[in-house]
Amino acid sequence: MIPAMYIFALMVVVGIVLYIFDLRSRKPGEEPEPVVMPENDGCTDDCCSTNEVCPSEMLLAGCDREIVYFEDEELDAYKGRAADDYTPDEEEQFRDVLYTLKPTDLLTWEQSVKKRGIILPKAIREEFIMLYGERAQKQ
C-alpha cells in the first residue's frame with residue numbers, strides 16, 4: 001500500500017511541474033488552443049477498426065474521377081446486392097477480376113466498383129484488403 005502512495009504522490013508532483021512549465025511557456029494573455037475532435041474519421045469501411053488498411057481514406061482524394069472499367073462489365077449485374085448475398089460462383093467472378101489487376105490499379109478498381117453501386121462480397125473484400133496491404137508493405 002505504501003508504494004502505491006509514493007507512486008501517486010510522484011504523479012501529482014510531476015503534474016504540478018508540467019502545469020507550471022505550461023504556464024511559463026505561454027505568452028502573457030495567450031489562451032491555450034482548444035482541442036477540436038473531428039466528428040468522424042472519414043473512413044466508413046468496416047475494415048478501419050480491425051485492419052491497418054483503410055482504402056476509402058486514400059480514395060477520398062480521387063472521388064471526383066469518372067468510373068473506370070477493368071474489363072469487368074459483367075459485375076454490373078450485382079449492383080445493389082448485399083455483401084453476404086453472393087454464391088460461391090458469383091464470388092469467383094469478382095476473384096477473377098481482382099487477381100488479374102495490376103497492383104497499382106487495386107484502389108482505382110475498388111473505387112470504380114463502389115461508384116457503380118456494387119458491394120464487394122465479404123470474402124473478396126478481405127482478399128482485396130490483404131492484397132492491398134501486401135502491396136503497401138512492398139513499397
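## Helix 5

In this predicted model, the residues I124, R125, E127, F128, I129, L131, Y132, G133 and R135 of helix 5 are buried, where buried means under 20% relative accessible area, exposed over 50% and partly exposed in between, with a 1.4 Å probe and protein chains only. Helix 5 has 17 residues and spans 25 Å from its first C-alpha to its last, close to the 24 Å expected at 1.5 Å a residue, the expected span being 1.5 Å times one less than the number of residues.

Residues are numbered from 1 along each chain as its sequence is written. Because the model is predicted, local features need pLDDT of at least 70 and side-chain atom pairs count only at pLDDT 80 or more, while totals for chains, interfaces and linings use all residues; side-chain values use heavy atoms, with hydrogens and water left out.

## The chain as a whole

The protein chain has five helices and zero strands, and along the sequence its pattern reads α-α-α-α-α; helices (H or I, at least four residues) and strands (E, at least two) are DSSP runs, numbered from the N terminus. Of the 139 residues of the protein chain, 29% count as buried. Among contacts between residues at least 6 apart in sequence, 70% join residues at least 24 apart, a contact being heavy atoms within 4.5 Å.

## The largest nonpolar core

The largest nonpolar core holds 19 residues, and L75, F94, L98, L106, W109 and I118 are those with the most contacts inside it. Helix 3, helix 4 and helix 5 each supply at least two residues of this core, and the largest share, five residues, comes from helix 5. Here a nonpolar core is a set of buried Ala, Val, Leu, Ile, Met, Phe, Trp, Tyr and Cys residues joined through side-chain atoms within 4.5 Å.

Leaving aside neighbours within four places in sequence, L75 is in contact with Q93, F94, V97, W109, R116 and I118. V97 lies in helix 3 (residues 88-98) and counts as buried because its relative accessibility is 5%. Not counting residues up to four places away in sequence, V97 touches F70, D72, E74, L75 and W109; the C-alpha atoms of V97 and L75, which are 22 residues apart along the chain, are separated by 9.3 Å.

## Helix 4

Helix 4 is mostly covered, with seven of its 10 residues buried, namely L106, L107, W109, E110, Q111, S112 and V113. S112 has a relative accessible area of 3% and is therefore buried; beyond its neighbours within four places in sequence, S112 is in contact with I67, V68 and Y69. Helix 4 is followed by G117, whose phi is positive, near 80°.

## The second largest pocket

About 150 Å³ of space lies in the second largest pocket, and its lining consists of L98, Y99, L101, P103, L106, L131, E134, R135 and K138. On a 1 Å grid over the protein atoms alone, a pocket is an open set of points where a 1.4 Å probe fits, with protein on both sides within 12 Å along at least five of seven lines, and lining residues have an atom within 4 Å of a point. Grid points are joined across faces, edges and corners, and the volume is the space filled by probe spheres set on the points.

The largest share of this lining, four residues, comes from helix 5 (residues 122-138). The lining residues divide into six nonpolar, no polar and three charged, with Ala, Val, Leu, Ile, Met, Phe, Trp, Tyr, Cys and Pro counted as nonpolar, Asp, Glu, Lys and Arg as charged, and the others, Gly among them, as polar.
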